[in-house]
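Reader: Hi! Could you walk me through this one? I'd like to go residue by residue.

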Amino acid sequence: MDLSPFEDDNSVSCRLVSEIPEVCKTEDCCLGIDEAGRGPVLGPMVYGICFCPLSRKEELKDLKVADSKTLTEAERENLFEKLDEAKSYVGWALQILSPNTISTCMLRRTKYNLNALSHDTAIDLVQYALDSGVQLKEIYVDTVGPADKYEHKLSQRFPGIQVTVRPKADSLFPVVSAASICAKVSDQSSAGFKSFLFLNSLAIRVVPLFSLFPDPKTKAWLLKYLDPVFGYPQFVRFSWSTAQTLMDSKAVNVHWDDDEEDGEKAAQRQSNKSMLSYFSVSAGGNDQNATHQAHRFFTERRLKSLNTL
Amino acid sequence: MATKKKRTSNVDNDSWVVIAPDSAIDTHKHDGDPVFVRLRNPSTDAASLYMLGCGDVMLYEVKAFEDDFHSWFVGQAVQRDGRLIFVTPLDPLFLILPYLIKSGKEGKFQRVDQVVKDEEFPACSRLLSCARTLASLHHIAEEKEVESQMYHRYSQEKTMNWLKKKVERTVIALKKKNVSVGEGVKSSTYVRVKSETDNQEEDFIRYSHGLISEYITEDLSKALLTHLGLPELTSPKETEPPSKKRKLSDKPVEAGEDYTKFNSADFARKPPKKMTAAQKSLAKVDKTGMKPMSSFFSPKVKAEKK
């Protein structure tokens, strides 16, 4: 699979698409959505959609696109080739979310969690299919979070399309299996370090990628490439607790102004009054500062006199 | 285990990010390097940092921009002290004034080098070698020449006029720089149709006076205020709400809920329940649409067949 657009600049997310089969623009279609690479602390997360006319749904089954988790990598590549060969009636699109995108979304001031990110990516892809003229009538999704909520959200977003959200959808609906194969294949080809260049010029070739979830091997790798100031290369999802705990203990402490402090301390720093003080009898302007208060020209600009360097 | 982040105070570092005028570091014209000196701050009467340019020709004050959560990337290094230090020219007369005022109480003419002396800050005598000092002493003191020796005596009247000029000049600078001086908040993008009012003029003078007051003693600052013809601002007294009339009755009045008992000194505020660092970071996460962990362990409810 050709991932060159993603490898050109892997700090943002990118979209790979197949050609839209003509038949999809005229006949009613169904569409499957699946994801790959949700758990790992390294590498991108990939979203795939796959669509085909309702009349030819069964033909996908004949391609034996079974549940992708039961397949080896080589078998998956094979199946993907087959899907690509069926391009007369099967279309697909992928959204590759770089680890950097995931980190910055989850670590924003206003938190944007992985579920919300997943949902929005899925919605974007479906919208892309609609914009390309695909006649969508049915959508099948593997669940992210509570199924009924997600189903409701998608139905609201795409009125007139029948949305089915099921756990294990990739083994129930061939079209979802196909989507999951697309996602998995691209996830593996990029996460397999086939040629992953880091923006911070740290080219590392680590042969087969570790298991999905942070295991000892991954941890060892993370420890080895921890920079005391910058933390990790962009290939790592900083928002994962595995990465965070290592950074907290091994790297230099960095304080941001939305870090939480203890309630009391923060209140003191912002010179908040305790609620209780409003109930006491006022002692008549006891908040006069004995210390010299600099003129507001300086305080507004955070300028202070120094008495020593 | 996540360790608790501790904020350590700034350790001694050996470099600062400083913005200084060329004149301060121009070593071609005069001998000697520029030097940081500690002198008596006329407003606070405590030590403050100043800088004397090459050959002690110019005096500069040192101010630091200091805000929480700042660091510098300098070349290939990180500097945790995120301060930005400004070195800006300062009229040496401001620093000499307190000494003159002190000796002026005796009412005698004296030589300035006898007056400007400070055991705590011996560097203050170097102020006299600044280019502007001796030439501008007549702004704040009367002069007499006896046998080609200059003698000076502090003059309140002259000083007031000199300070008034400073205030007026500052007003001009404030207007030019478009500094917001009013009490209210002003939007910089919203343009008023009406031109500025007289009231604003007073705001400018007050603001400017406040700025100059940062460089003179409190007594002078008050005297300057009256000299400028500005009344002292009195903070509006907090008007107590009239106490409610109580119904007359023989029984002692007892409040249904007595909140005041929480204010007694023996009522200590309970420290908030301690959370571990891990719990804290978890609490911050946006959890919308996620199942609680416990739901995975509850007995399976028969899925409703749709």
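Reader: Great, which residues does Asp34(A) touch, leaving out those up to four places away in sequence?
Author: Asp34(A) touches Val46(A), Tyr47(A), Gly48(A), Asp142(A), Asp170(A), Val176(A), Ala179(A), Ser180(A) and Ala183(A). Contact here means heavy atoms within 4.5 Å. This is a predicted model, where local features need pLDDT of at least 70, side-chain atom pairs count only at pLDDT 80 or more, and totals for chains, interfaces and linings use all residues. Side-chain values use heavy atoms, without hydrogens and water, residues are numbered from 1 along each chain as its sequence is written, and chains are lettered from A, with ligands numbered from 1, in the order in which they are written.

Reader: Is Asp34(A) buried or exposed?
Author: Asp34(A) counts as buried because its relative accessibility is 6%. The cut-offs are under 20% relative accessible area for buried, over 50% for exposed, and partly exposed in between, with a 1.4 Å probe and protein chains only. Asp34(A) sits in strand β2 of chain A, residues 29–36. Strands (E, at least two residues) and helices (H or I, at least four) are DSSP runs, numbered from the N terminus.

Reader: Which residues does UniProt list under "binding site"?
Author: The unreviewed UniProt entry lists Asp34(A), Glu35(A) and Asp142(A). They are spread over 109 residues of sequence but cluster in space, with a largest C-alpha distance of 8.2 Å. UniProt positions follow the numbering used here, feature names are shortened, and annotations may be inferred rather than shown by experiment.

Reader: OK, where is Glu35(A)?
Author: Glu35(A) is in strand β2 of chain A too, and at 14% relative accessibility Glu35(A) counts as buried. Its side chain makes a polar contact with the side chain of Tyr47(A) at 3.1 Å. A polar contact is a pair of N or O atoms within 3.5 Å; within protein, one must be able to donate a hydrogen and the other to accept it, and residues adjacent in sequence count only if both atoms are side-chain atoms.

Reader: And which residue forms a salt bridge with Glu35(A)?
Author: That's Arg38(A), with the closest N and O atoms 3.7 Å apart. A salt bridge needs a side-chain nitrogen of Lys or Arg within 4 Å of a carboxyl oxygen of Asp or Glu. Arg38(A) is partly exposed, with a relative accessible area of 26%.

Reader: How many salt bridges are there over all chains?
Author: A search of the whole structure finds 19. One of them joins the side chains of Glu120(B) and Arg40(B), at 3.0 Å from N to O. That pair links distant parts of the chain, 80 residues apart: Glu120(B) is in the loop between α3 (112–115) and α4 (133–136) of chain B, and Arg40(B) is in strand β2 (residues 35–40) of chain B. Glu120(B) is exposed, at 56% relative accessible area.

Reader: Changing topic: which residues form the nonpolar patch on the surface?
Author: Val229(A), Phe230(A), Val252(A), Phe73(B) and Val78(B), with about 500 Å² of accessible area together. Patches use residues with over 30% relative accessible area and no salt bridge; like charges are joined within 9 Å, and nonpolar side chains (Val, Leu, Ile, Met, Phe, Trp, Tyr) within 5 Å. Accessible areas come from the Shrake-Rupley method with a 1.4 Å probe, and for residues only the protein chains shown count as cover.

Reader: Where does Val78(B) lie?
Author: Val78(B) lies in strand β6 of chain B, residues 77–79. At 45% relative accessibility, Val78(B) counts as partly exposed.
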